[in-house]
Amino acid sequence: MDCLDTIKSLKINLKRNIGTILIIVEGASDEFELLKQIFRNVLHYNYIEKSRNQCNFRNYDEFVMSGNENSRVIVINAKNSNLSSIKKDKDYLNELYIKLYVEYGIDIKNINVYFIWDRDVNSNPKEIVKELIEILGSSNDNKNGDMNGLLLLSYPCLESYIISCYDDRKMFLKDHDLKKYIKDHAYDISRINRHMLLRAVVMMHKVFLELGVNKYNLDDFSKTSLKLFGKQEEMLKNRKYCYLLSLISLIFLDLNIISLRESDEY
């Protein structure tokens, strides 16, 4: 896909049948709040979640739009926030996968899987990051090993996504408190709407272009992800900061929830 820098080139397909998808996050609360707002309140899909602090899955199906009845978004989190837990805590994830099969008849080998994670230089060594980028390069067709899923590495995923929904300026990740920045600007998760989802795609693409990426393939995203990672690492080393960048928008593009408009539509 080309990296577009204008909202008028994009559209939201509200009744896109996405089947069942699984999103695995590192955090135990904020990421759930964001994804629930997007998939339940904005896009109106069946939404199911289970954090590491919950015993059972929770279902939210009261706002499902007609036509989306057969689509389900399931959000769970890993055992801890370290990226290495994706590999080291396989037993924990496998138990959740078994529960999904028993309770919902879901075989994760047959669905789209996404891992949303922060770069976090203090917790995630470069070697681990690069290894998992190479392994987790497609949401449904990984050929390297037995792991399935697309790793969406962000800087950082939650705060940068919220800011990109509201703000149309490219911004840098510096030492200032992003949570305070969001609070001071009243960037509220509960007010995120369809138009903001499009803006976030555009802002992601603008940063892609700044980092030398003008095209990418979501069926094989590893090479692009490694390039983005390398460029951001170089900036961190030389300038001590990098671009705010969330890859959450890739989920909507991968599932065709957000797509290109035909030229005669605008």
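Predicted model: local features only at pLDDT ≥ 70, side-chain atom pairs only at ≥ 80, totals over all residues.

Q: Is C3 buried or exposed?
A: C3 counts as buried, because its relative accessibility is 10%.

Q: How many disulfides are there?
A: A disulfide calls for two cysteine sulfur atoms within 2.5 Å, and by this rule the count is 0. For C3 the reason can be given, because the closest cysteine sulfur, in C242, is 17 Å from the sulfur of C3, too far for a bond.

Q: How should I read a sheet, and what is the strand order in the open sheet of 7 strands?
A: As a general idea, the strands of a sheet pair through backbone hydrogen bonds, and they do so either parallel or antiparallel. Here the open sheet of 7 strands runs in the order β4-β3-β5-β2-β6-β8-β7, and its pairing is mixed. The edges are taken by β4 (58-60) and β7 (137-138), each of which has a single partner strand, so one side of each is left without a neighbour in the sheet.

Q: How many bridges join strand β3 to strand β5?
A: Strand β3 (residues 46-50) and strand β5 (residues 72-77) run parallel and are joined by 5 bridges.

Q: How is an aromatic pair described, and how many does a search of the whole structure find?
A: Two numbers describe a pair of aromatic rings, namely the distance of the centres and the angle of the planes. The search of the whole structure finds 9 aromatic pairs. One of them is formed by F172 and Y241, whose ring centres are 5.0 Å apart and whose planes make an angle of 70°, an edge-to-face arrangement. This pair links distant parts of the chain, 69 residues apart, since F172 belongs to strand β9 (residues 172-173) and Y241 to the loop between α8 (222-239) and β10 (242-243). F172 counts as partly exposed, because its relative accessibility is 26%, and Y241 likewise counts as partly exposed, at 22%. Elsewhere, Y166, Y181 and Y187 form one aromatic cluster.

Q: Which residues lie nearest the centre of the largest cavity?
A: The largest cavity, which holds about 130 Å³ of space, is lined by 15 residues, and S160, S164, M203, V207 and L244 lie nearest its centre. Helices α5 (157-166) and α7 (194-210) each supply at least two residues of this lining, which by class has 9 nonpolar, 3 polar and 3 charged residues.

Q: What lines the second largest cavity?
A: The second largest cavity, with a volume of about 40 Å³, is lined by L153, Y155, S225, L228, F229, L245 and L247. Helix α8 gives the most to that lining, with 3 residues, and the lining divides into 6 nonpolar, 1 polar and no charged residues.

Q: What is the volume of the second largest pocket?
A: The second largest pocket has a volume of about 270 Å³. Of the 15 residues that line this pocket, R119, D120, V121, L173 and L236 lie nearest its centre, and the lining is made up of 7 nonpolar, 2 polar and 6 charged residues.

Methods: Residues numbered from 1 in each chain as written. Heavy atoms only, no water. 1 Å grid on protein atoms, 1.4 Å probe; cavity = no way out; pocket = protein on both sides within 12 Å on 5 of 7 lines; lining within 4 Å. Points joined across faces, edges and corners; volume = space filled by probe spheres on them. Nonpolar A, V, L, I, M, F, W, Y, C, P; charged D, E, K, R; others polar. Phe/Tyr/Trp six-rings, centres within 6.5 Å; stacked < 30°, edge-to-face > 60°. Helix = DSSP H or I, 4+ residues; strand = E, 2+ residues; numbered from the N terminus. Buried < 20%, exposed > 50% of the residue type's maximum accessible area, 1.4 Å probe, protein only. Pairing = 2+ DSSP bridges.
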